[in-house]
Amino acid sequence: MPLSDPDLIPVFKPSLRVEALDGELLLILSERRRAMLRGRALALVGQAVDGVRSVAELVARLGAELAPAEVLEALDHLFSLGHLHAAGAAPTPADAYWELMAGAAPPAAPDACSVALACCGGIDPGPATRALALAGMRVDPGAGLRIALTDDYLRPELDAIAARARADQVPLLLVCAAGTRPTLGPLLHAQHGACLECLRFWLRVNRPVDTLLARAGGGGHLPLAFDAPGALAVFGLLANLVANLRVLGEERAGVSAAMLALDLGTLATARHAVLRRPQCPLCGDPALMRRQAERFPALQAVTGLLRHDGGYRQRDPVQTYEQYRHLVSPLTGPVAYLHPMPRRHGGMRKVYVAGYMVCPRDPPRAHSFDKVCAGKGQSEEQARASALCEALERYSGVYQGDEACVRASMRSLGPSACGFDALQLFSERQYAGRAARNALTDDRRRQVPQRFDPDTVIDWTPAWSLGSGRQCHVPLTYCYAEAPAAAGAAYGIHNPNGAAAGNCREEAILQGFLELVERDATAIWWYNRIPMPGVDLASFGDPYFERLVLDYAAGGWRLWVLDLTHDLGIPVCAALAHHPGQGRHAIGFGCHLDARLAVQRALTEVNQLFDPRGETPSPWDPALLGPAPFLEPAPALAPRGAAGMPCSGGADLRADIDACVALLAARGMDLLVVDKTRPDIGLPVVQVIVPGLRHFWPRFGPGRLYSVPLALGWLERASAEADLNPCSLFL
């Protein structure tokens, strides 16, 4: 502020309290800040500024104690710090409020002080109109900001209101004013951001029972819950929000691509992101998923990888979490919750739990709407990022209806079709005993599906061979959960084996492939009950391994690791914990190109599945398993040390994937990729499929389950199916 005008009257801003102490210290206080300025001139000038005296009068008043230059220098310093401004009209409490909020008084343009108001769902506009009037705003049907008050954002009456706002190119602020948890926002724009259909998609994701009832022909909404004092609170916040929009702008007001939820019971507020869906049928391109699936997943070089915790990673877990944390919301998120897992997380065991909502395609027999995922790691940050990405991966694999799809028979597709038999690997004996087996359980993973006839017409989705570059087709129900029955659900279920998320597509592909290798080696070991060597954990020199063994021992548990590495030469490990006194086991698996990471992943997975209180079922049926010496390190086999276990890759993910593709090709196998990345989520998600590799679910058709142990000399003769381990493994 220039001080050349001696008649200028300086005044402290209306939100500030000013006090001087000891003649040398000037304290400047407000609700949101605190300043301590030291200096005799500043203290004297600060005491003298009263909003009445001009600069000339202040110089004269302080002339006995300060030179004119000292007075002017102190005033200039206070102006430069933003504490002083030129006096105008007498300040009001509202001036102090907006000075704190925005650094200035709100503009008084008439067109900015009016709003249009529409109501549906039994909401009375009167209280809202009065609250807006208190904030200096009037209701005008032609205003440039429209507000829609409702009891439910799913009300069909909102369609016409939103359509008019879009046609008139004006923003629409949605407010759910009913219930005990009302919401304000989002602010919908015709030109950008989420539309009403985007919002409703996310709301339906997190209201799966409503979706189930609507699918069955039911309609309606919850009974109107409305309380006058609560409504006053909501409409007061609405008036404040509209004022904030006018003065602060959308970003600072908090409703740009978000809605604010108020819990009237606790008065807590929370912000929930509202994602625009690039594939939205109203404001986007509904063919995005189909076009994405039709493109070959060309790989890029990915270098500079992190190798400490969890795998070869492009970003550290904190960066990953920060990039996707906005996707967690019980109202509008693909992930409903993310937090440390109760009774599992603690001490050296870092375990997080995340969940997402699903509307089951079939009528539910139990509460099957909430799908739980877990994440693990050496660090809390890795466990949190792992759980978040696992939930986003599983959510991305739930059928939405816009997936690339070809409806045809296997015979008509010809060589491009990779059918159920090649993927599921059930045996003739299992098909023959199907009825008796299925009568024992409602769990479709444990059931045997109907035989598939190659002339049956089902839905297929594209998969790409990284070896040959050719497009293949795999059953849609194999890749996507909750697909319609007509898609082919009777012949096979969704199998998430090989599905993975990553910071980039290459990271996801490598992780998905390693999961397939892990499950293949586990199945061969488990069902053939092959004694395997233990792993010398001390040989890795990793303090975490040693401390974890001691941590388990302190609770009476023994912890060890087996080396399950088989013909593919990629390290696969099983970590087992056993409490002799209780007769309880816990188990976890890990696979990686780097043996240390394979061991680490097995140990952190046993942490994830370990229940110190013994409230969860055993990972297997002890009665069916019987004596199981193969769970212990084979006494006749020397323990594997770090120096004797493979360690490769990590310089470039593309080179690592190319090496894996070549490894499979040498054994007559192919690596297929289905791109399941959702445009609205953005996290790369793929499903890697290698026909011929086994799952550890009981699938006993001919192939590697019998041939690999014989080829490696682990068994003198191939097992007969009837001699395989009768105890199934489901984790």
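**View 1. The second largest pocket holds about 1,200 Å³ of space.** Welcome to this predicted model; our tour opens at a pocket lined by 36 residues. Closest to its centre are Asp152, Arg207, Asp210, Leu222 and Leu331. Helices α7 (196-205) and α8 (208-215) each bring at least two residues to the lining, and so do strands β11 (258-263) and β12 (268-273). Sorted by class, the lining has 18 nonpolar, eleven polar and seven charged residues.

View 2. Rolling a probe the size of a water molecule over the atoms shows where empty space is left. In this structure there are three cavities of 30 Å³ or more. The lining of the largest cavity is made of 20 residues, and those nearest its centre are Leu423, Tyr478, Asn495, Leu693 and His695. Which element gives the largest share of this lining? That is α15, with three residues. Both α15 (420-424) and β24 (685-689) supply at least two residues each. By class, 13 residues of the lining are nonpolar, five are polar and two are charged.

**View 3. The second largest cavity has about 40 Å³ of space.** Here you can find every residue of the lining by name: Met289, Ala293, Glu403, Ala404, Thr461, Pro462, Tyr480, Val674 and Asp675. Helix α11 (288-293) and the strands β17 (457-465) and β23 (672-675) each contribute at least two residues to the lining of this cavity. Six of the lining residues are nonpolar, one is polar and two are charged.

**View 4. The largest nonpolar core brings together 62 residues.** Look for Phe513, Trp525, Trp526, Leu564, Trp620, Leu631 and Leu671, the residues that touch the most other members of this core. Several helices and strands each supply at least two of its residues: the helices are α19 (505-528), α23 (653-665) and α24 (704-711), and the strands are β20 (558-563), β21 (572-579), β22 (584-591) and β24. Which of them gives the most to this core? Helix α19 does, with 13 residues.

**View 5. Three strands form an open sheet in the order β13-β14-β15.** The strands of this sheet pair in the antiparallel sense. Why is one side of β13 (337-340) and of β15 (370-377) left without a neighbour in the sheet? Both strands stand at the edges and have a single partner strand each, so there is no neighbour on one side. On average, neighbouring strands of this sheet are turned by 20 degrees against each other, direction ignored. Strand β14 (residues 350-357) pairs with β15 over eight bridges.

**View 6. Ser54 sits in the loop between α1 (40-48) and α2 (55-61).** Is this serine buried or exposed? Ser54 has a relative accessible area of 8%, so it counts as buried, the cut-off being under 20%. For a sense of distance, pick out Leu440 as well: Ser54 and Leu440 are 386 residues apart along the chain, and their C-alpha atoms are separated by 93 Å.

Methods. Residues numbered from 1 in each chain as written. Predicted model: local features only at pLDDT ≥ 70, side-chain atom pairs only at ≥ 80, totals over all residues. Heavy atoms only, no water. Pairing = 2+ DSSP bridges. Helix = DSSP H or I, 4+ residues; strand = E, 2+ residues; numbered from the N terminus. Axes fitted to C-alpha atoms, helices over the stretch in contact; angles between N-to-C directions. 1 Å grid on protein atoms, 1.4 Å probe; cavity = no way out; pocket = protein on both sides within 12 Å on 5 of 7 lines; lining within 4 Å. Points joined across faces, edges and corners; volume = space filled by probe spheres on them. Nonpolar A, V, L, I, M, F, W, Y, C, P; charged D, E, K, R; others polar. Core = buried A, V, L, I, M, F, W, Y, C linked by side-chain atoms within 4.5 Å. Buried < 20%, exposed > 50% of the residue type's maximum accessible area, 1.4 Å probe, protein only.
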